[in-house]
Amino acid sequence: MAPVLPLVLPLQPRIRLAQGLWLLSWILVLAGGLILLCSGHLLVQLLHLRTFLAPSCPFTALPQVALAAGAVVLGTGLVGAGASRASLDAAQYPPWRRVLGPMLAAGTAGGGGLLVLALGLALALPGSLDTGLEEGLGAAMAHYKDTEVPGHCHAKHDMDELQLRHHCCGRHGYKDWFGVQWVSSRYLDPNDQDVVDRIQSNVEGLYLIDGVPFSCCNPHSPRPCLQSQLSDAHAHPLFDPRQPNLNLWAQGCHGVLLGHLQGLASTLSSMLAVTFLLQTLVLLGLRYLQTALEGLGGVISGEGDTQGYLFPGGLRDMLKTAWLQAGVAPRPAPEEAPPEEAPPKEDLPEA
């Protein structure tokens, strides 16, 4: 059976292949480390923002798979660097000779599979962020007032910190706060007629006002922050409600977080794609180096040319051989027994 993709490797090309693989392997180690850092940073960001993501959002699976892929890539690069360096010394290569084959198989199946899975998630999952942030931010705003409700007592602190840190207000804009009750009923005066009228005028019995929390205020504004009666053009002198960005953060938190997280996912997907190409080159080079050295008894400086290849025989023949060795070869059908002859009929005497 002819080998698959054979390549003749004289002495100097073999040495250059081993040296080039050593360099590529260390570049692969660097790429694996960068993937670990980038996916770890994304995971930390998601942990900090988990309050504003719906629990059903699958985006959190991306950094976890990328972390596993980065760890396998890092290991593959270290193995490649050690094997390529050892191949230049006949005394150091024998231990690698026994384990390089299984390591190549594990790196191809495990590392390649995880990289493809992580790259697929990086390309597919960012679309789920839109819905996840929409639901999560809506729930966080609805629980802003529940400072004494178990399970939601940190919602106000988290929402204020989010708006101050990311310079955003509301879900899509400051007017989103007009549709939720963000003032706790504990701080409302039930004897105040304005409070009673607002609650009774709402179908759900909520106290709604045209105001925003203090964390929506822009500290760079030249005038004191205006938080209440933002819809009334006459409530504040020299204030135009059509230009609230003079006092409040102009962007909604949904767009800010969506751009931030999708940017991290885009960077991670680019790194995964480059790393996948690097790992493919390293694994192919190690396979050619391994098979070339097998023809020389593991000595790279052996005389004469040798041949490296991917598989020792045709892929179809190799799969057929593996199928037969597994004991699942079709068994011949048992021979059919000849039909039994019917017993002769006895002649009955005539009456």
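Is Asp160 counted as buried or exposed, and at what relative accessibility? In this predicted model, local features were considered at pLDDT of at least 70 and side-chain atom pairs at pLDDT 80 or more, whereas totals for chains, interfaces and linings use all residues. Residues are numbered from 1 along each chain as its sequence is written, and side-chain values use heavy atoms, with hydrogens and water left out.

Asp160, found in helix α5 (residues 155-166), has a relative accessibility of 5% and therefore counts as buried (under 20% relative accessible area, with exposed over 50% and partly exposed in between, for a 1.4 Å probe and protein chains only). Its side chain makes a polar contact with the side chain of Tyr144 at 2.8 Å, and a further polar contact, of 2.7 Å, links the side chains of Asp160 and Ser215 (N or O atoms within 3.5 Å, where within protein one must be able to donate a hydrogen and the other to accept it, and residues adjacent in sequence count only if both atoms are side-chain atoms). Beyond neighbours within four places in sequence, Asp160 is in contact (heavy atoms within 4.5 Å) with Tyr144, Pro213, Phe214 and Ser215.

Helices α2 (residues 61-86) and α3 (residues 93-124) pack at an angle of about 155 degrees, their axes being 8 Å apart, and are therefore roughly antiparallel to each other (an angle over 145 degrees). By class, the contact of α2 with α3 has 21 nonpolar, five polar and no charged residues. Thr76, which lies in helix α2, counts as buried at 10% relative accessibility and, leaving aside neighbours within four places in sequence, is in contact with Leu28, Gly107, Gln279 and Leu283.

Note on methods:
Axes fitted to C-alpha atoms, helices over the stretch in contact; angles between N-to-C directions. Helix = DSSP H or I, 4+ residues; strand = E, 2+ residues; numbered from the N terminus. Parallel < 35°, antiparallel > 145°, perpendicular 65-115°, else oblique. Nonpolar A, V, L, I, M, F, W, Y, C, P; charged D, E, K, R; others polar.
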